[in-house]
Amino acid sequence: MDCPHASLLLLFHRPGRPSDLVPADAAALDAHLAACPACAGALAARTAQDAAVGAAMNAVPVPVDLSDRLKSNLASQLRWAWRRTAVKFALAASLLVAAYGAFVAYTRPVLDLAALADHQDRLWQAPGLTAADWLTEHRLTDALPEAFDLRLATFAGRRDLQGVPTLALRLDANGRQTAWVYFLRPADHNLREIATGQYTSNVAVRVYRDLPGGWTVVVAYTGNHFNAFLRGPGSDA
Amino acid sequence: MAAAIDAHALIDAHYRSLYRYAYRLGGSAADADDLVQETFGKALPRLATLREPAHAKAWLFRILRNAYLHRVRDEKRNRCVPGENLDGYAAPEPAPPPAVDPATLQAALDDLDETFRTPLILFYFEDFSYREIADQMDLPIGTVMSRLARAKNYLRAKLSPGNETDGLPAR
């Protein structure tokens, strides 16, 4: 390596600092400096100059409280950031609730009174047939635990049972005798503790478990004659 | 996977060097204070985006420089030495270095255009390689080397005895 080449490489040579020279060039430069007093002297002078300027460059008094102020600002910034986040979430939640409300308001079904009247009319004209159709439609025919007289049916549909819309059939027999037949799923209610029995002086309950389709049927009825809701001998309904 | 970076540890590790950098860039203690506050104010909310903790220092220096440039963007710096006029300062012969007065140094830096001042500051008081300085300034390393050489010659000339009253070079 000659002196002009070494001068060029010295531009990249920074004693004690990160170097941008590749290891091979650095080694060659070190070898040249060890053998060339002129280049070594130039480097020494330049390094000393740089050290003097570097020392002056660093001679900046830093405020003693700067660190504390920065940390205090950070805490304040984090508090504000938390508040801003909370406000954003509250705003987003409000918008979601409003959107859901609007969705419900605009998509709720229109009450079809004609269909309602038609259903009631069919049930009145042929209660047994209508109830049988309803049972078939909901695949409940096999789950019916007794031979109920479906001609007594006055309601077939969903009824709110302690907060759960539940498939139910109402039978009305002579003498204000009423039976509600509920078709229950284990997922909708906890059915483990329920049992057949006379629960009030007027109402008795029968429980039928493990019916086809996994149904549990509960029949709550008034009156003393459960047979009043069943088909009589020779009945075809 | 990058380790989590504690904000307080980040402040403790870098606030001094950032303050010195800001001071040398702007030449004012008040501005340096503001710039450091602004730098951490911008950096800390984005700390999660810093994947590599080892790059925190370069990241903070870049934020500070951008903040500084934003401040002076519209400011007319009539007293700056344009880059083309720096060529008049030849490299002095190696000589025993005189003690450098920090205030004189700052005055010389203040007269220098930012594009020359920044690499000079980074070169002299922080352990940035030429490559890192080039990355900081989004410049090719050759450009950084060239600017550094010209700025150092200028600085040596300004700091040489007998040059304290030198006027600015003709533009």
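Is Asp12(B) buried, partly exposed or exposed? Asp12(B) is partly exposed, because its relative accessible area is 35%. That value falls between the cut-offs of 20% for buried and 50% for exposed. The model is predicted.

## A salt bridge between the chains

Asp12(B) pairs with Lys71(A) in a salt bridge. The closest N and O atoms are 2.7 Å apart. Asp12(B) sits in helix α1 (residues 7–26) of chain B, and Lys71(A) sits in helix α4 of chain A, so this pair joins two chains. Lys71(A) is buried, with a relative accessible area of 19%.

In general, side chains of opposite charge can pair when their charged atoms come close.

## The interface of chains A and B

How many residues of chain B are in contact with chain A? The number is 42, and they touch 31 residues of chain A. The area buried between the two chains is about 3,300 Å². Carbon and sulfur atoms give 64% of that area. On the chain B side, Gln37(B), Tyr124(B) and Tyr130(B) lose the most area to chain A. Together they account for 17% of what that side buries.

Four salt bridges run between chain B and chain A. Nine residue pairs are in polar contact between these chains, both residues being at pLDDT 80 or more. Several helices of chain B take part: α1, α2 (29–43), α4 (102–110), α5 (114–125), α6 and α7 each supply at least two residues of the side that touches chain A. The largest share comes from α1(B), with ten residues.

## A bridge within helix α3 of chain A

Over all chains, the count comes to twelve salt bridges. One of them links Asp50(A) and Arg46(A), with the closest N and O atoms 3.8 Å apart. Both residues lie in helix α3 (residues 37–58) of chain A. They are four residues apart, about one turn of the helix.

Are these two partners buried or exposed? Asp50(A) is buried, because its relative accessible area is 12%. Arg46(A) is buried as well, with a relative accessible area of 16%.

Arg62(B) and Asp138(B) meet through their side chains in a salt bridge, at 3.4 Å from N to O. Arg62(B) belongs to helix α3 (residues 56–72) of chain B. Asp138(B) belongs to the loop between α6 (130–137) and α7 (141–159) of chain B. The pair therefore ties together parts that are 76 residues apart in sequence. Arg62(B) counts as partly exposed, because its relative accessibility is 28%. Asp138(B) counts as exposed at 61%.

Which residues are joined into one network by salt bridges that share partners? They are Arg46(A), Asp50(A), Lys152(B) and Arg156(B).

Tyr100(A), Phe103(A) and Val104(A) make a nonpolar surface patch of about 330 Å². Val104(A) is placed in helix α4 (residues 66–107) of chain A. Val104(A) counts as partly exposed, because its relative accessibility is 34%. Patch residues need over 30% relative accessible area, so Val104(A) passes that cut-off.

Notes. Residues are numbered from 1 along each chain as its sequence is written. Chains are lettered from A and ligands numbered from 1 in the order in which they are written. This is a predicted model: local features need pLDDT of at least 70, side-chain atom pairs count only at pLDDT 80 or more; totals for chains, interfaces and linings use all residues. Side-chain values use heavy atoms; hydrogens and water are left out. Patches are made of residues with over 30% relative accessible area and no salt bridge: like charges are joined within 9 Å, nonpolar side chains (Val, Leu, Ile, Met, Phe, Trp, Tyr) within 5 Å. Accessible areas come from the Shrake-Rupley method with a 1.4 Å probe; for residues, only the protein chains shown count as cover. Buried means under 20% relative accessible area, exposed over 50%, partly exposed in between (1.4 Å probe, protein chains only). Contact means heavy atoms within 4.5 Å. Buried area is the accessible area (1.4 Å probe) that two parts lose on being put together, summed over both. A polar contact is a pair of N or O atoms within 3.5 Å; within protein, one must be able to donate a hydrogen and the other to accept it, and residues adjacent in sequence count only if both atoms are side-chain atoms.
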